[in-house]
Amino acid sequence: MRKTIAIILSLFVTLTTFGQVKMRPLEELINNEDPGWSLVKEWIKTAKNKVEILTVDTTKAKEALFKTQVTTRSPMGSVVFMTGGLLIDNGWIRILGSGHARLPRTLPDWNKGKSFQEFGEAPNFLLIADDAIGGFFLLNGGGLGKDLGNVYYLSPDNLKYEPLDLTYTDFLNFCFNNNLDKFYKGYRWTNWKEEVKTLSGDKTFNFFPPLWTKEGKDMKKVSRRAIPIEEQYNFSLDMRKQLGIQK
């Protein structure tokens, strides 16, 4: 219980530290006495779903951790500092870390210009992961609802921010152990594993007709192509505006 409370408090600090004028130095963010990575490693060892740990570049990891301003005692800080990212279920879900050739986006750099403009600013949310069908997982910093620190899903089938009632820690365990076939029911096609395995971590599948249309609900009748993840994210936000979709 005490460990859980400490993680939640650490997460709250993560989401509010950006508002500070002075960013904490790297040495204050690295916790060697009680690192969160020891917990995350144990969760991965017992995971029901396939989890691939992308190797970390130490220099990039230090830079990413400093920009993220979260202690390595927290699971999110440990993922940023100890991994280039995590690939779940053959790469269907990509959890952002400090970047890797197969996932060439860091958590802080991917968020810059989206949830904040400059490092040090308070983010309304953090994009923490995305999937192969153009869905995005966001950690609420206050801009998505009153449930600060909980994860939302920007779903490609309705373009709405759906609250998952999960903290970042819960989200990791969701990715590691949840029945993803059930969560993505209707949106996995024949031979999806083979196609996703070759999909770069900076791309996602774009569908026509879009999944949020009536015609796009049948995966057997839609076409798909890989496009840059940035293009898909901007397209989703633009369509939300055009369609007048609120939260």
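Which strand pairs with strand β4 in the antiparallel sense, and over how many bridges?

1. Strand β4 (residues 125-131) has strand β5 (residues 136-140) as its antiparallel partner, with five bridges between them. Within this pair, D130 sits opposite F136 of β5. Two strands are called paired if DSSP finds at least two bridges between them, and the elements themselves are DSSP runs numbered from the N terminus: helices are H or I with at least four residues, strands are E with at least two.

2. A word on the basis: this is a predicted model, in which local features need pLDDT of at least 70 and side-chain atom pairs count only at pLDDT 80 or more, while totals for chains, interfaces and linings use all residues. Residues are numbered from 1 along each chain as its sequence is written, and side-chain values use heavy atoms, with hydrogens and water left out.

3. The β4-β5 pair belongs to an open sheet of seven strands, ordered β1-β2-β3-β4-β5-β6-β7 with antiparallel pairing. The edges are β1 (51-54) and β7 (161-167); each has a single partner strand, so one side of each has no neighbour in the sheet. On average, neighbouring strands here are turned by 25 degrees against each other, direction ignored (axes are lines fitted to C-alpha atoms, for helices over the stretch in contact, and angles run from 0 to 180 degrees between N-to-C directions).

4. Helix α7 (residues 168-177) is mostly covered, with seven of its ten residues buried: Y168, T169, F171, L172, F174, C175 and F176. Buried means under 20% relative accessible area, exposed over 50%, and partly exposed in between, with a 1.4 Å probe and protein chains only.

5. The largest nonpolar core has 61 residues, and I93, I95, I128, F137 and F176 touch the most other members. Helix α7 gives the largest share of this core, six residues. Apart from it lies another core of five residues, including L29, A61, V70 and F81. A nonpolar core is a set of buried Ala, Val, Leu, Ile, Met, Phe, Trp, Tyr and Cys residues joined through side-chain atoms within 4.5 Å.

6. A cavity is a set of points on a 1 Å grid over the protein atoms alone where a 1.4 Å probe fits but cannot get out; lining residues have an atom within 4 Å of a point. Among the lining residues of the largest cavity are I133, F205, W212 and F235, and both β8 (203-208) and α10 (229-243) supply at least two. The lining has nine nonpolar, three polar and no charged residues (Ala, Val, Leu, Ile, Met, Phe, Trp, Tyr, Cys and Pro count as nonpolar, Asp, Glu, Lys and Arg as charged, the others, Gly among them, as polar).

7. Some backbone details deserve a look. The peptide bond from F208 to P209 is cis, with omega near -5 degrees, and P209 is in the loop between β8 and β9 (223-228). Q69 has phi near 60 degrees and is buried at 1% relative accessible area. N90, in the loop between β2 (85-88) and β3 (93-96), has phi of about 65 degrees.

Notes: 1 Å grid on protein atoms, 1.4 Å probe; cavity = no way out; pocket = protein on both sides within 12 Å on 5 of 7 lines; lining within 4 Å.
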